[in-house]
Amino acid sequence: IPDFCQTNPEGRFPEQGAYFCVPVAVSNSLVALARNGFPKLRPNASGDHEAQIKLIHQLASSGYINTVGKHGTNPPRLMLGVKRFIEECGYQIERLEQQGWMASTSDFLALRKAPSLEWIRQTFQSERSAVWLNVGWYTVDRETGTYRRFAGHWVTLVGYGKDQNGQEDSATIMIHDPSPRTGTTPVTQHIKLVPLKTGILERNLSPTHQVRQKAEGFFEMKGEMRLKTGADAAILDAAVVLVIRDDSL
C-alpha cells in the first residue's frame with residue numbers, strides 16, 4: 001500500500017496539499033486495490049507515481065470527495081466520493097460503512113459511536129477491502145477528564161496485529177499517514193490503541209453548538225503516532241470501511 005505525502009510538491013495540490021489528507025489516504029488504498037484485481041481503479045498515466053497523483057486530483061474534485069479548505073472532510077463526504085468513483089469504474093460495492101461519533105447522514109449512517117477494533121480488523125482481512133481512520137486532535141484537561149477536539153486528520157490502515165518489534169500485539173495497528181509530520185519518505189507507523197476508561201469528548205459543530213460524548217469505549221492512539229502541534233492526544237474518532245464485490249464469485 002503506497003504512502004504518498006500530501007505536501008509532495010510533485011502533486012501540485014491546492015494550498016500545497018495542506019488539506020489533502022483525505023484524497024491522499026483514499027488513493028493509497030485504491031492504488032493497492034488496482035494492483036490486486038481491480039485495475040480500472042488506476043487512472044491512465046505514464047507510471048504508478050503519476051497515476052496516483054492524477055487519482056488524488058480526481059478524488060479531491062467537486063464531483064467526488066470535494067476537498068475544500070480547513071473545515072476538513074467528514075465521513076459521509078468521503079463515502080459519497082468513494083462510492084461514485086468505484087461505481088464509475090465499473091465495480092460494485094459489497095460494504096461501505098462507518099463507525100464513530102463524527103457526522104453521519106441517512107445514506108451513510110454511523111453503525112455505532114465508538115469505532116470497534118474487531119470490526120476494523122475483520123473487514124481488513126479481505127483482499128478486496130480498504131479502511132480509512134479519522135484521527136481527532138485533542139487538548140486534555142486532566143483535572144476534569146475533558147478531551148477537547150480542535151482538528152482532525154485521515155490516515156490509511158495498512159495492517160494490524162504486530163508491534164514495531166514484530167511481536168504479536170492485538171491492540172496494535174499499522175498506518176500510512178499522509179502528513180509531512182512523518183517525513184517525506186514512506187514509513188509504516190505502529191499505533192497502540194489504548195482504550196479510554198473515563199472522561200468526556202467535546203467538539204464544536206459551530207461557534208455556538210458544542211456536542212459531548214462519553215470517552216469510554218474510544219481509543220487513544222499512542223505508540224508511533226505523530227501528534228499535531230498543540231495536541232495532547234490523538235483519538236480514533238471514526239473509521240470508514242470499504243469492500244468491493246468480487247464479480248467472479
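This is a predicted model: local features need pLDDT of at least 70, side-chain atom pairs count only at pLDDT 80 or more; totals for chains, interfaces and linings use all residues.

Colleague: Why does the pair count as oblique?

Modeller: Helix 1 and helix 3 pack at an angle of about 40°. Angles under 35 degrees count as roughly parallel, and 65 to 115 as roughly perpendicular. The pair is therefore oblique.

Colleague: How far apart are the axes of helix 1 and helix 3?

Modeller: They are 12 Å apart. Helix 1 covers residues 21-34, and helix 3 covers residues 75-88.

Colleague: Is the crossing of helix 1 and helix 3 left-handed or right-handed?

Modeller: Right-handed.

Colleague: Which residues make the contact?

Modeller: Helix 1 brings Val22, Val26 and Leu30. Helix 3 brings Leu78, Val82, Phe85 and Ile86.

Colleague: And by class, what is in that contact of helix 1 with helix 3?

Modeller: Seven nonpolar residues, with no polar and no charged ones.

Colleague: What does strand 1 do with strand 9?

Modeller: Strand 1, residues 93-100, pairs with strand 9 in the antiparallel sense. There are seven bridges between them. Ile93 has Ile244 of strand 9 as its bridge partner.

Colleague: How many bridges join strand 2 and strand 9?

Modeller: 10 bridges, again in the antiparallel sense. Strand 2 is residues 129-141. Leu133 has Ala239 of strand 9 as its bridge partner.

Key
Residues are numbered from 1 along each chain as its sequence is written. Side-chain values use heavy atoms; hydrogens and water are left out. Two strands pair if DSSP finds at least two bridges between them. Helices (H or I, at least four residues) and strands (E, at least two) are DSSP runs, numbered from the N terminus. Axes are lines fitted to C-alpha atoms, for helices over the stretch in contact, and angles run from 0 to 180 degrees between N-to-C directions. Angles under 35 degrees count as roughly parallel, over 145 as roughly antiparallel, 65 to 115 as roughly perpendicular and the rest as oblique. A crossing is left-handed if the near helix is turned anticlockwise from the far one by less than a right angle, and right-handed if clockwise. Contact means heavy atoms within 4.5 Å. Ala, Val, Leu, Ile, Met, Phe, Trp, Tyr, Cys and Pro count as nonpolar, Asp, Glu, Lys and Arg as charged, and the others, Gly among them, as polar.
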